[in-house]
Amino acid sequence: MEYTLPPDLLSNKDLSDNDLSKIDQALLLSFTWMHFSRIVDDRIHELFRQGLVRGTAAGGQGNEGLAIPVALLLNKEKDVISWTHRGLGGHLIWSGHLGKHLSQYLANSGSPTKAREGNVHHGDPANRSYPMISHLGAMCSNVIGGVDSQRRNGINAIGVTFIGDGSSSTGDIHESMNIASVFNVPTVFIIENNHYAYSTPTSEQYACKTLVQRASGYEMEGISLDTSDTEETLKVLSKAFETVRKTGKPLLIEAQTLRLRGHSASDTCDYLPEGQNEKWAKIDALPRLRNRLITEGSKKTSSVSKRS
Ligand SMILES: Cc1ncc(C[n+]2csc(CCOP(=O)(O)OP(=O)(O)O)c2C)c(N)n1
Ligand SMILES: [Mg+2]
């Protein structure tokens, strides 16, 4: 299928060689993709309401502050990834045209799975982006296998696999963390802690205080990350990826993220405490980054106009 060319603005997808010294440019690029990801997710939501999207539609609104930096910072030529149902922005950066991804939602013959799989349960295996498997946790072992294969072929790849707070309780996750640690497979396990699994809050999901503390049970390093500040996220992830690539050891990151549109398009979110949405809106990475760029941009413009 022929698609129209995307705007030039979306031609840069890479911060993998960037030491982030030019942080302004890195933030602008991150914002571009985060914003694009949000509008595509919102459009999919509308298409679902119009009855054009098959099955359901789970959006990544609120998760862009994590998915976009991860996708920009990894090496798309050799690393291994598996996005979840919150990672549309990651798919958009990693592979192919927006039209191809939308085809997956519309379940037409141009879709990557030829309409045989649910939306967002697709990937780009030829480029080491392994499709999401509905059974939560099952993608972790695939990513470990992919990274191990790259390393055996002499390629210093790393892998990133995502886990929801809910899926952090499945057996597959623990088996995967164990084996990655025992065999030193450089995989970054990132927990997208968005505080809910369907309607179940984290307080009813696990007894430990934080999920990152589980790292020590596997002799792994563990990092806590608040993704509401994109500069901080870029810096933490960049350093983490560099370390894992160098040491060859796995790592666990517990990232605080948001799920702004509920579990899926049919979620009414009536289980949320009053005022929750307003609280989340204040820490949403996307408008925070937009405000920062506007403030810093206008300071630069006014200092230039004062000089001239
Ligand atoms: C092993 C397994 N159990 C249950 C489900 C049904 N299920 C699909 S998504 C979901 C909630 C996942 O919550 P979380 O991991 O926190 O991810 P989030 O949707 O919040 O991003 C559940 C229970 C499943 N797909 N696989
Ligand atoms: Mg969750």
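The following questions and answers concern a predicted model.

Q: Which residues coordinate the magnesium ion (ligand 2)?
A: The donors follow the spacing D-x28-N-x1-Y along the chain. Asp-165 lies in the loop between strand E2 (159-164) and H6, and Tyr-196 lies in strand E4 (residues 196-197), 31 residues apart. Both Asp-165 and Tyr-196 are buried. At 2.1 to 2.3 Å, the magnesium ion (ligand 2) is coordinated by Asp-165 (OD), Asn-194 (OD1) and Tyr-196 (O).

Q: Is Phe-183 buried or exposed?
A: Phe-183 is found in the loop between helix H6 (171-182) and strand E3 (187-193). Together with Ile-179 and Val-182, Phe-183 makes a nonpolar surface patch of about 320 Å². Exposed means over 50% relative accessible area. Because its relative accessibility is 58%, Phe-183 counts as exposed.

Q: Which element gives the largest share of the lining of the largest pocket?
A: The largest pocket has a volume of about 610 Å³, and 36 residues line it, with His-85, Arg-86, Met-132, Leu-136 and His-263 nearest its centre. Helix H4 (98-106), E2 and E4 are the elements that give two or more residues to this lining. The largest share, three residues, comes from E2.

Q: Which helix gives the most to the lining of the largest cavity?
A: The structure holds two cavities of 30 Å³ or more, and the largest has a volume of about 40 Å³. Its lining residues include Asp-41, Ile-44, His-45 and Tyr-105. With three residues, the most is given by helix H1 (residues 23-49).

Q: How many residues apart in sequence are the parts tied together by Arg-245 and Asp-79?
A: The side chains of Arg-245 and Asp-79 meet in a salt bridge, at 2.8 Å from N to O. Both residues are buried. Arg-245 lies in helix H7 (residues 230-247) and Asp-79 in the loop between H2 and E1, so the parts that the pair ties together are apart in sequence by 166 residues.

Q: Is Lys-76 buried or exposed?
A: Lys-76 and Asp-14 meet through their side chains in a salt bridge (2.8 Å, N to O). Asp-14 is in the segment before H1, whereas Lys-76 is in the loop between helix H2 (64-73) and strand E1 (80-82). Asp-14 is partly exposed, with a relative accessible area of 33%. Because Lys-76 has 13% relative accessibility, it counts as buried.

Q: How many salt bridges does the structure hold?
A: Glu-231, Lys-235, Arg-292 and Glu-296 are linked in a network of salt bridges. Asp-267 also forms a salt bridge with Arg-259, with the closest N and O atoms 3.9 Å apart. The number of salt bridges in the structure is 13.

Notes:
Residues numbered from 1 in each chain as written. Chains lettered and ligands numbered in written order. Predicted model: local features only at pLDDT ≥ 70, side-chain atom pairs only at ≥ 80, totals over all residues. Heavy atoms only, no water. Patch = residues over 30% accessible without salt bridge, like charges linked within 9 Å, V, L, I, M, F, W, Y side chains within 5 Å. Areas by Shrake-Rupley, 256 points an atom, 1.4 Å probe, with all protein chains shown as cover. Salt bridge = Lys/Arg side-chain N within 4 Å of Asp/Glu carboxyl O. Helix = DSSP H or I, 4+ residues; strand = E, 2+ residues; numbered from the N terminus. Buried < 20%, exposed > 50% of the residue type's maximum accessible area, 1.4 Å probe, protein only. Donors = N, O, S within 2.8 Å, 3.2 Å for Na, K, Ca; no water. 1 Å grid on protein atoms, 1.4 Å probe; cavity = no way out; pocket = protein on both sides within 12 Å on 5 of 7 lines; lining within 4 Å. Points joined across faces, edges and corners; volume = space filled by probe spheres on them.
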